[in-house]
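Trainee: I have a protein model open and would like to learn how to read it. Please take me through it feature by feature.

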Amino acid sequence: MKKSTTALMPKLQSAGMFVIAGLIANDVIAGPDINFGEDKFLQVGLGFRAAYTSASNGAVDGKSRSSDFDVYSTRIYTNAQLSKVIKGTLNFEGTHGAESSTGGSKFGENFKVYEAIAQFEFAPEFNLWAGRMLTPSDRSNLDGPYYLSSWLYPGLVAQYPSQLAGRDTGVTAWGKLIDQHIIYSFGAFEGHNNFKSASSQDDNLLYAGRLQYDFWGQGMTPAYYTASTFYGKDYFSVGFATQYQKNGVGSMNVKGDYLAYNFDMLLEKDIGIGVLDVEAGLYKFDTDNKSDVSTGLLISKPSETENVGGINQGKAYLFSSALLIPHQIAWGMVQPYFRYQKFDRDSTVGDGGVLSLNVLSSVAKQFDYGIHYVIDGHNARLSVTYTKNEFSNADNQNKVTLGVQYQF
């Protein structure tokens, strides 16, 4: 008699649920407690992503196929609790890889604080966080690279601005209502282009908000964060996010208000032959038809965390699907997946090349075809991905990525 999908993977599912539900902040693994008295403890965790990539025209000569090993991300997670109300998170990242924001030229160089949060958690319905944290935004950004259902971060469509790895410095109020079906998060942050000669040199804040409704599986993620697969747990969720900043885009000469929003959904369901995972997202980025400042034209160069330049106007689309096959193969299970991204970039106007450039409309697409070998949920996973990029204004590209992800 054939066993059900759920019966075949209790260990995998429970491991994944423990990791996700045990998070205090996104990407923070709830490791062993170091206790300091009643309701006082410290937890430490580690994260690691590395890959081999072979990309068309990716070699140093610009025409040969590349062959590269790369450490995408190394992270140290820490969180602490002083009482049931007062908590804190301090996370570090320090590699030069494809997903790292630290910019070091050597492995382990330039470890930086990418997340530092003072957390005042009064009740499930209302909590207040202050510091550098993920801004309320789309599902992909709130997943982070470690909790996606695919290997590569969807950077073609997930283009909300940030200081570092999707984070910005500010304050967020969040809570869960109606038996945790509704998750809200709203905040004010330092924002984009608050830099000399950029559009917001008069120091305007960025305002961000997200509203999410979980039909099934509510309460499985911490705070206002998300994951794009739960490895076997029925889940259905829809969300809406938006961000706004006055004079958030452009140069001091030609500037525009920044308004972005997106709708996203995630469905995960055991359909008998396996666990089906479907995710979709629609995005709109509006810059008042203005081109963003070009950091290469600025006299003073912004640091890696100053959140300057790089915003494009346009519409974006995301669709992904994965199927976790309910058959144990050695240590884990196989999960093939597909993901599609498209960005329709609008024409925008600069200031004549003084600090920003005129930009022509263009279309970019990305197709990812991959297979995960899932050993321990998001904690231990091997991936093989073929990626094809199509551009209306450049040569098409492709690459093969062999990835490994580990968390403790």
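**Reading the model**

Mentor: Buried means under 20% relative accessible area, exposed means over 50%, and partly exposed lies in between (1.4 Å probe, protein chains only). This is a predicted model, where local features need pLDDT of at least 70 and side-chain atom pairs count only at pLDDT 80 or more, while totals for chains, interfaces and linings use all residues. Residues are numbered from 1 along each chain as its sequence is written, and side-chain values use heavy atoms, with hydrogens and water left out.

Trainee: What do Arg339 and Asp368 form, and how far apart are the closest N and O atoms?

Mentor: Side chains of opposite charge can pair when their charged atoms come close. A salt bridge is a side-chain nitrogen of Lys or Arg within 4 Å of a carboxyl oxygen of Asp or Glu. Arg339 and Asp368 form such a salt bridge, with their closest N and O atoms 2.9 Å apart. This pair links distant parts of the chain, since Arg339 is in strand β14 and Asp368 in strand β15, 29 residues apart. Salt bridges that share partners also join Arg139, Arg210 and Asp264 into one network.

Trainee: How many salt bridges does the count come to?

Mentor: The count by this rule is 9 salt bridges. One of them joins the side chains of Arg75 and Glu93, at 3.5 Å from N to O. Arg75 lies in strand β3 (residues 68–81) and Glu93 in strand β4 (residues 86–93), so the pair ties together parts that are 18 residues apart in sequence. Arg75 counts as buried because its relative accessible area is 4%, and Glu93 is buried at 1%.

Trainee: Is Asp234 buried or partly exposed?

Mentor: Asp234 is partly exposed, because its relative accessible area is 30%. Lys269 is also partly exposed, with 33%. Asp234 and Lys269 form a salt bridge, their closest N and O atoms being 3.2 Å apart. Here too the pair links distant parts of the chain: Asp234 is in the loop between β9 (206–216) and β10, Lys269 is in strand β11, and they are 35 residues apart.

Trainee: How many helices and strands does the chain have?

Mentor: Helices (H or I, at least four residues) and strands (E, at least two) are DSSP runs, numbered from the N terminus. The chain has 3 helices and 17 strands.

Trainee: How do I read strand pairing, and which strands does β14 join?

Mentor: Two strands pair if DSSP finds at least two bridges between them. Strand β13 (residues 314–324) and strand β14 (residues 333–345) run antiparallel and are joined by 9 bridges. In this pairing Phe319 stands opposite Tyr340 in β14. Another 13 bridges join β14 to strand β15 (residues 362–376), again antiparallel. There, the bridge partner of Met333 is Val374 in β15.

Trainee: How many residues of strand β7 are buried?

Mentor: Strand β7 (residues 167–177) is mostly covered, with 8 of its 11 residues buried. Strand β6 (residues 126–134) pairs with β7 in the antiparallel sense over 8 bridges, and Ala130 stands opposite Val171 in β7. The link from β7 to strand β8 (residues 182–189) is antiparallel too, with 8 bridges. Leu177 stands opposite Ile182 in β8. The hairpin of β7 and β8 has 4 residues between the strands, and Ile178 takes a positive phi near 50° there.

Trainee: Where does Ser356 lie, and what is it in contact with?

Mentor: Contact means heavy atoms within 4.5 Å. Ser356 lies in the loop between β14 and β15, and it is buried, with a relative accessible area of 0%. Leaving aside neighbours within four places in sequence, Ser356 is in contact with residues including Ser251, Asp292, Leu297 and Gly350.

Trainee: What about the chain as a whole?

Mentor: Buried residues make up 53% of the 408 residues. Among contacts between residues at least 6 apart in sequence, 65% join residues at least 24 apart.
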